[in-house]
Amino acid sequence: MQASTNLISTTDFLLHLADNALIMGHRNSEWCGHGPVLEQDIAISNIALDCIGQARNFYQYAARLMGEGHTEDSLAYLRDERAFRNCLICELPNGDWAQTVLRLYFFSTYQYFLFQQLQHNSDAELAGIAAKSLKEVTYHLRWSSEWVIRLGDGTEESRQRILQALDALWPYTGELYTPVAYESVGEADMASIQTAWLDHVKAVLEEATLSMPDMGWMQQGGKTGIHTEHLGYILAEMQFLQRAYPGAEW
Amino acid sequence: MKQYINKYYYGDYGEAKNGAADITANGHHKHEWPLWEVFIRSKQGLDHKHVGSLHAADAQMAIENARDVYTRRMEGISIWVVESKYIHATNPDEAASLYDPANDKAYRHPTFYDLPDSLTHI
């Protein structure tokens, strides 16, 4: 009994990590072909692919633990909204470039500190995926934080846009470092992740000549399957093909 | 000049309704980011080779853009960027006076030395 309970929370946790990466990757991929300049279009598309690659690793491992014919594809394409465990911030619409890079910055900072701990997890496979992903996340963090600084400390318009993004996204940041039960599998000290996250964000916002918002009331629910209205639309687009033509290959 | 074409970017979709600033505000083109030349050293390579150019706002962004544009398939392990305006080049019109005089100076090639057989790799 103990073992099966552990297995459930392990797969819950893996699906949470995978869903985070998949939905974040999907949102970033929406910029493909639409980036503000060619070079940044390639940059954000690269990052989207990194995220989807991370999602695949977590899904594959989860599918193996779950058995019963689950595959990475069935987990990504055949689960419904309430089964997704991604943080709400991942599913929010891209908004403009400022909102996209600020969201990526908030998310990458969280991934960065989380994966630093996960890479020492007692589960060697989980630790391995975290260590591999950490290299990618380190670059996402660098790239996105520089954009936040550039926009905050840029023109009047860029500053206005990043301020709007900050207002829109801030209430969704608390969920990142507020753990739910299955996150105990990560063996991570979430309180230290919260402290590190807040310190990092404070420093970057300061460099961007922006002030840290008050903590205020924070949204939550994504980690336990209670989502915004936006996730349904993402899944409708992402899952349509596999649901209309089950097992389709090309 | 009156602007007839409104350029919309994906991320700006629907913002006009919300009163957000239009990216084409003021009716003039925004300044383009400067051009940078990119040099990559491959894993086996001893020197940085010119691979192309790209646009970026500053050196830091140029290096990151170069990483994203030119090293996606493990092409390199070191990147140099230099703003294109700092590259000074010869004028093709002067090619004749610059390069042709070397044409008939065969004695400048080290082919007139007898090398001992024991010397290899030369």
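Across the interface of chain B and chain A, the rule finds 2 salt bridges (a side-chain nitrogen of Lys or Arg within 4 Å of a carboxyl oxygen of Asp or Glu). A:Arg150 forms a salt bridge with B:Asp58, with the closest N and O atoms 2.8 Å apart. This is a predicted model: local features need pLDDT of at least 70, side-chain atom pairs count only at pLDDT 80 or more, and totals for chains, interfaces and linings use all residues. Residues are numbered from 1 along each chain as its sequence is written, and side-chain values use heavy atoms, without hydrogens and water.

Now take the whole interface. Here 20 residues of chain B are in contact (heavy atoms within 4.5 Å) with 21 residues of chain A. About 1900 Å² is buried between chain B and chain A, and carbon and sulfur atoms give 48% of that area. Buried area is the accessible area (1.4 Å probe) that two parts lose on being put together, summed over both.

Next, a look inside chain A. Helix α5 (residues 97–118) of chain A packs against helix α6 (residues 124–152) of chain A. Their angle is about 145 degrees, and their axes lie 7 Å apart. Axes are lines fitted to C-alpha atoms, for helices over the stretch in contact, and angles run from 0 to 180 degrees between N-to-C directions. Helices (H or I, at least four residues) are DSSP runs, numbered from the N terminus.

Technical notes. Chains are lettered from A and ligands numbered from 1 in the order in which they are written. Helices (H or I, at least four residues) and strands (E, at least two) are DSSP runs, numbered from the N terminus.
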